Amino acid sequence: MKRHFDEDLKKMNTDILKMAAMSEESIYKAVEALKNRDKDLARAVIDSDYKIDELELVIEEEAISLLALNQPMAVDLRFITTGMKINSELERIADLSENIAQCVLQLADKPLLKPLVNIPKLAEISRKMVRDAIDSFVNLDEELAKKVIFSDSEADKLRNSIYNKLIYDYMLKDGSTAPRAVPLLLIARHLERICDHAGYIATNVIYMIKAKVVKHHLERLRK
Amino acid sequence: MTVKMKTHITSRTQGVSNKIVDENKENIVKISVKDFNFYYEKSQALKNINLKIKENTVVGIIGPSGCGKSTFLRCFNRMNDMISGIKYEGAICIDGKNIFDKELDIVDLRRNIGMVFQKSNPFPKTIFENVAYGLRINGIRNKEYISEKVSRSLRNAALWDEVKDRLNQSAFSLSGGQQQRLCIARALAVEPEVLLLDEPASALDPIATAKVEELIHELKKKYTIIIVTHNMQQAARVSDYTAFFMMGELVEHDLTSKIFTKPSKKITEDYITGRFG
């Protein structure tokens, strides 16, 4: 049976995808700004964050209306509640990209401490995790969602190796490198947090598809 | 029966363009209720109601039992005229014309305003004849025209696919939900502009209810619809605007999305959250 409610769900879905595309683009631009030491691009990331904030509020309103006016059940209810959570995660991801752009501005006028190797790698992992998490949401792909969750440990290892390198090879040996090392440390931290948020999206997607709570219980995924 | 009107209201609404545009929102106002009071003998059932209803929208009327919502609905096609000792004050204007105007033909008014009741009430006739009935009593004899109108009305009521092969069977052979949609088709056949629905789904099962609700969503593209329901969730699902009545007063009227998420008045919030009523 045709339901006009489906049109409203579709609209919310489309807006979440738009939000995902905008958040992913902000990660890409922030990291490009770092690689190319491009202050204009960094400022563009910071200046466009308000658009993502506005879309977050639009999606939130849509979700509240859908809940209040349609009394959704089962899969519809899980879609809307998951959509609300994904919406918040994407907004946080965009905020973290903005934080990276702020670090880029701090670094832009100083010579690079070292050639960037692991940070672009971590950036690529974070973008891929966000993209895959959203793909798993769109395609209701539980396996892809699991893959996202498990790839978080790779991001953690890379972040640790960036931390160790910056702390032991630079900051402890020569304290004067701190002003250039700390923003890089923060960037690694922000990128790794983006990966965490992609993982949270994926756990919510699994809840939406299977009505199975895996948040805080990742061991259930290995069974 | 006395039908009393405030003359200054009548004169204000007569001679105005048929389509009134709400200046604030630039939407066409189809129905305008002005300073409207209604009495059953000495008991006042509706108190100073002011309301504008836009064309091609669904207005849900909610409120506890005895708040006046059904009385209000029955005012739009003057169904209450059949009750002795009633009295009106104020005006209800449809396309700018006061329906209490003495020169107004009440048969014309009721032809223009279809009504569907809580309990489906098909005539003891065939499915086809139920829908054709309104056309026949309006003097239409052209068989081809009637046949075309019947099929179109049944399609508009989302019933055609279920009955097209059994049009000559009794209307009573249909299920409750189908009978209710048949009554809607019967109301549509005479091409009204406004539809009044009085608890149209309260006697139906959830699937039949969902079908009627989807139908209402489709019908608003062509009609202006006023629905009375004691099922608040139904009002939330089907209506664009919601009017909350309480003890004969219109407490709040606003977009349904606003009424059900952030009502302006505490009494509305208490009612929709089930704190009283």
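1. In this predicted model, a right-handed β-α-β unit in chain B is made by β8(B), helix α8 (residues 206-219) and β9(B). The two strands of the unit, β8(B) (residues 194-198) and β9(B), run parallel and are joined by five bridges. Within that pairing, Leu196(B) stands opposite Ile226(B) of β9(B).

2. Strand β9 of chain B spans residues 224-228 and is mostly covered, with five of its five residues buried. In a regular strand, side chains alternate between the two faces of the sheet. In β9(B), Thr224(B), Ile226(B) and Val228(B) point one way, Ile225(B) and Ile227(B) point the other way, and all are buried.

3. Gly114(B) has Leu195(B) in β8(B) as its bridge partner. Strand β7(B) covers residues 113-116; Ile113(B) and Met115(B) point to one side, Gly114(B) and Val116(B) to the other, and all are buried.

4. Another part of chain B uses antiparallel pairing. Strand β2 (residues 28-40) of chain B is mostly covered, 10 of its 13 residues being buried. Eight bridges pair β2(B) in the antiparallel sense with strand β3 (residues 43-54) of chain B, and Tyr39(B) stands opposite Gln44(B) in β3(B). The hairpin of β2(B) and β3(B) has two residues between the strands, and Glu41(B) takes a positive phi near 50° there. Strand β2(B) is also paired in the antiparallel sense, over eight bridges, with strand β5 (residues 86-94) of chain B. In that pairing Ser32(B) faces Cys93(B) of β5(B) as its opposite residue.

5. Which helix of chain B gives the largest share of the side that touches chain A? The contact itself involves 13 residues of chain B and 12 residues of chain A. Together the chains bury about 1,000 Å², 58% of it on carbon and sulfur atoms. The count of residue pairs in polar contact between the chains is four. One salt bridge is found across the interface; in this salt bridge, Lys262(B) meets Glu61(A), and the closest N and O atoms are 3.4 Å apart. The elements of chain B that give two or more residues to the side touching chain A are α8, α9 (232-238) and α10 (256-259). The largest share, five residues, comes from α8(B). This is the helix of the β-α-β unit in the opening point.

6. In chain A, Ser26(A) is a residue of helix α1 (residues 5-36). Is Ser26(A) buried or exposed? Its relative accessibility is 8%, and because buried means under 20%, Ser26(A) counts as buried. Ser26(A) touches Val45(A), Ile52(A), Ala94(A) and Ser97(A), leaving out residues up to four places away in sequence. One of these, Ala94(A), is 68 residues from Ser26(A) along the chain, yet their C-alpha atoms are separated by 6.3 Å.

7. Arg127(A) lies in helix α4 (residues 118-139) of chain A. At 17% relative accessibility, Arg127(A) counts as buried. With residues up to four places away in sequence left out, Arg127(A) touches Glu24(A), Ile27(A) and Tyr28(A). A network of salt bridges links Arg127(A) with Glu24(A), Glu124(A) and Arg131(A).

8. Over all chains, the count comes to 35 salt bridges. Among them, Lys29(A) pairs with Glu25(A), with the closest N and O atoms 3.0 Å apart. Because these two are four residues apart in helix α1 of chain A, they are separated by about one helical turn. Lys29(A), at 29% relative accessibility, counts as partly exposed, and so does Glu25(A) at 39%.

9. Helix α4 of chain A contains the pair Lys128(A) and Asp132(A), four residues and about one helical turn apart. Their side chains meet in a salt bridge (2.8 Å, N to O). Lys128(A) is partly exposed at 39% relative accessibility, whereas Asp132(A) is buried with a relative accessible area of 11%.

10. In chain B, Asp108(B) forms a salt bridge with Arg111(B), the closest N and O atoms being 2.7 Å apart. Both residues lie in helix α3 (residues 106-112), three residues or about one turn apart. Asp108(B) counts as partly exposed at 40% relative accessibility, and Arg111(B) counts as partly exposed at 30%.

Technical notes. Residues are numbered from 1 along each chain as its sequence is written. Chains are lettered from A and ligands numbered from 1 in the order in which they are written. This is a predicted model: local features need pLDDT of at least 70, side-chain atom pairs count only at pLDDT 80 or more; totals for chains, interfaces and linings use all residues. Side-chain values use heavy atoms; hydrogens and water are left out. Buried means under 20% relative accessible area, exposed over 50%, partly exposed in between (1.4 Å probe, protein chains only). Two strands pair if DSSP finds at least two bridges between them. A crossover is right-handed if, with the strands pointing away from the viewer, the path from the first strand over the helix to the second runs clockwise. Contact means heavy atoms within 4.5 Å. Buried area is the accessible area (1.4 Å probe) that two parts lose on being put together, summed over both. A salt bridge is a side-chain nitrogen of Lys or Arg within 4 Å of a carboxyl oxygen of Asp or Glu. A polar contact is a pair of N or O atoms within 3.5 Å; within protein, one must be able to donate a hydrogen and the other to accept it, and residues adjacent in sequence count only if both atoms are side-chain atoms.
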